[in-house]
Amino acid sequence: MSKSPSGLLLRISGKVQGVGFRPFVWQLAQRLGLRGEVWNDSAGVEIRLVQPVDIDMFLHMLQRQAPALAQIDNIGLRPFTWLQPPQDFAIRHSRQSQMDTQVVPDAATCPDCLREMNDPHDRRYRYPFINCTHCGPRFTLIRYMPYDRPATSMAPFALCPHCAWEYHTPQDRRFHAQPVACSECGPQLFSCHADGKAINLADMALQQAAALLCAGEIVAIKGIGGFHLACDATDQQAVMRLRDRKRRPDKPLAVMLPDIGWLARCTGSHSLAQLSETLLSPAAPIVLVPQRPHSALCDAVAPHLDEVGVMLPSNPLHHLLMQAVRRPLVMTSGNAAGRAPALTNEQALRDLVDIADLWLMHNREILQRADDSLLRQHPQGTEMLRRSRGYAPDALPLPPGFPVQPPLLAVGGDNKNTFCLVRGDKAILSPHFGDLAQEDVQQQWQHAIAHFLRLYHCRPQRIAADAHPDYAGSRWAQRQSLPLTEVLHHHAHLAACLAEHQWPLDGGAVIGLALDGLGYGDDGQLWGGECLWVDYRQCRSLGGLPAVALPGGDRAAQEPWRNLLAHCARFVEGWQRLPETQFLLQQPWQPLLKAIDAGINAPPASSCGRLFDAAAAALGCAPLQLSWEGEAACRLEALAHQATHCRHPLHLPLKDNLLDLAAFWPQWLGWRTPPAERAWAFHDALAQGFAALAQHFAAQYGIKQVALSGGVLHNRLLRQRLVHHLAPLQVLLPQRIPAGDGGLAFGQAMVACAQQSPLSSSLSDRTQHELP
């Protein structure tokens with residue numbers, strides 16, 4: 001005769017490893033007088049309880065009182081029979097099983113650790129690697145799951161007796177905190193020059209670095225997920241020296257503030273409370289904020305722009321350094337021009353030899369790159385521009401209607417690259433990697449893909465990539481001997497927006513506006529300013545910007561004047577006589593016009609990004625040669641923000657479902673008003689034109705929703721005016737996933753999964769009727 005169930009078994013999945021979840025369960029069991037056991041395995045956390053149990057009370061407290069970094073996605077409950085019921089509640093050793101748990105992002109130093117680090121009586125006083133189960137490195141030091149110390153880059157550091165007691169004591173907040181360490185047994189800080197020989201150790205190394213920074217020197221600093229290059233952000237000469245050595249003449253630089261009190265001295269933001277909450281969150285991202293006139297920061301930090309990216313210290317080393325310098329520091333990525341960010345000490349010494357005056361490093365290995373995340377706050381919510389440290393690799397739920405998926409890998413685009421792994425009912429988006437055209441970035445990317453597949457015990461059965469045949473990521477995908485889904489660039493952009501908003505798989509089509517620089521469209525056309533009928537499975541072009549030649553091909557994306565020339569030649573009669581175009585006559589314009597007429601290296605593209613470049617060139621706010629992607633458009637937007645809301649006579653009418661640039665350009669160039677007002681009116685007229693196009697097709701197809709995506713949507717003025725002019729349609733905007741190419745992989749994955757999912761008969765009938 002079989003025994004009746006004598007217990008309950010709970011299976012918890014989500015972010016439940018590395019966040020103090022097991023000691024929390026142990027303490028909860030102690031309070032409730034329960035017997036049983038808990039352990040980690042690759043699927044999450046398993047709890048076994050001896051009956052009787054008030055399970056409703058237990059589940060309520062489990063969900064309401066879980067640690068701050070924990071996230072419970074699912075709780076499975078079933079009867080369980082004990083062979084020998086335990087007499088107490090214990091935490092057992094981790095077990096291997098099928099991987100079904102989440103990997104936790106790195107988290108900023110918690111208040112308790114900060115208090116201890118600054119307490120002269122605490123044994124971790126001024127220790128730059130202090131952490132606990134509520135904070136510290138996670139993703140960047142994990143080799144494999146389940147998450148235990150031998151599976152991390154902390155494995156070489158044997159625990160001292162004090163740390164070992166904390167690690168094995170469930171009542172302590174460092175119970176099974178895998179990076180737990182102190183100055184006796186943990187990673188050590190040191191300073192050196194380019195030869196790599198230690199000059200100073202521990203606090204002396206930190207004080208040396210602080211003194212050099214205050215003296216205007218440049219220091220390479222090894223953090224948790226990579227290196228930073230730092231200098232005094234209030235010192236114009238120091239910042240210009242960094243720009244010169246790094247060959248970064250104008251691209252804005254991120255700034256780390258010593259504490260939250262510096263915000264008012266550096267930003268003109270009116271929502272300091274909301275801003276402070278984001279900066280002080282466990283993710284501790286960079287946040288773009290309005291620059292304050294007469295800011296404490298020097299002009300060289302973000303030249304020609306009206307925003308600056310600020311952040312607060314995210315790890316103990318940063319806190320100690322900022323306490324020592326007591327001034328804002330530039331903290332930009334630790335890489336030489338054209339090179340991937342350094343991850344190892346050897347790479348940093350080699351690549352940064354002509355940039356840094358001192359290296360502040362440590363002896364803990366960085367296993368995974370994690371750049372600083374970048375976001376902006378709007379009254380309507382957050383806008384993610386770069387999703388990385390603090391957010392990746394948080395899992396994203398698949399929208400309603402998507403069935404459980406076999407493993408799929410989406411490789412993303414070549415710029416601002418991320419990749420995406422789909423398994424079960426979750427999508428895991430990688431941290432930011434950047435430009436795959438750089439060979440060493442591509443090597444880091446391939447290493448990270450292999451690491452993810454090992455980490456999640458996963459072998460993809462399918463792969464998704466951009467339809468562009470010359471993308472490095474697409475070529476790599478083609479070599480993998482897996483079924484391949486090629487996804488149109490702008491379809492992926494809009495699918496990512498839909499999925500972020502949990503638009504159901506069979507929720508029907510929306511009108512999509514996909515605005516960016518360039519992407520592969522139908523039949524090899526180059527798109528970039530499209531109005532689309534779109535769902536997860538299909539997209540069809542309805543209209544948008546007319547295709548205009550890109551004189552010189554890729555060079556048109558680097559030299560804005562080429563785009564102004566192409567637009568004027570096509571849409572503006574007698575353009576040579578206009579004051580805005582006189583500088584074009586000093587360029588090789590005649591051979592370029594002949595090349596356009598002959599179709600030589602001048603492919604047509606409906607690019608919204610190149611339209612912005614042309615307008616910026618016309619107003620004289622764009623350099624002849626860009627030094628960073630989006631520079632002309634960002635300068636144009638900054639100029640527009642110098643004007644307030646202004647009435648203007650401009651409009652972008654529709655002609656054959658295209659925005660009529662032949663009507664717009666002469667009108668805009670002939671409108672004599674200050675440049676800031678012309679810049680503002682350009683944004684507003686473009687938003688009006690696209691909104692009218694979307695509203696026209698929404699009415700035609702009986703659709704009430706419009707989704708917006710593409711890198712141009714990171715222009716906050718255009719974004720704002722589009723939302724204004726699109727009323728009363730429901731507008732879906734990217735918020736938690738970047739509108740730019742950093743969200744492509746997520747969208748590719750959604751399209752590939754949808755195309756593999758069966759189409760319901762009722763939806764099939766409706767789709768055939770609605771499809772334009």
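The sections below cover the basis of the model, its sheet and its nonpolar cores.

## Basis

The model is predicted, so that local features need pLDDT of at least 70 and side-chain atom pairs count only at pLDDT 80 or more, while totals for chains, interfaces and linings use all residues. Residues are numbered from 1 along each chain as its sequence is written, and side-chain values use heavy atoms, with hydrogens and water left out.

## The sheet and its helices

An open sheet is formed by 5 strands in the order S4-S1-S3-S2-S5, with mixed pairing (strands are DSSP E runs of at least two residues, and helices H or I runs of at least four; two strands pair if DSSP finds at least two bridges between them). Its edge strands, each pairing on one side only, are S4 (71-80) and S5 (89-91). Strands S1 (residues 7-15) and S3 (residues 44-50) pair in the antiparallel sense over 6 bridges, and Arg-11 has Glu-46 in S3 as its bridge partner.

Helix H2 (residues 55-64) packs on the sheet, touching S1, S3 and S4, where contact means heavy atoms within 4.5 Å.

## Nonpolar cores

The largest nonpolar core has 78 residues, and those with the most contacts inside it are Trp-665, Trp-668, Leu-686, Phe-690 and Leu-722 (a core joins buried Ala, Val, Leu, Ile, Met, Phe, Trp, Tyr and Cys residues through side-chain atoms within 4.5 Å; buried means under 20% relative accessible area, with a 1.4 Å probe and protein chains only). Helix H19 (residues 675-701) supplies the largest share of this core, 14 residues. Apart from this core lies another, of 64 residues, among them Ile-130, Ala-205, Ala-254 and Leu-421.

Definitions and conventions: Buried means under 20% relative accessible area, exposed over 50%, partly exposed in between (1.4 Å probe, protein chains only). Axes are lines fitted to C-alpha atoms, for helices over the stretch in contact, and angles run from 0 to 180 degrees between N-to-C directions.
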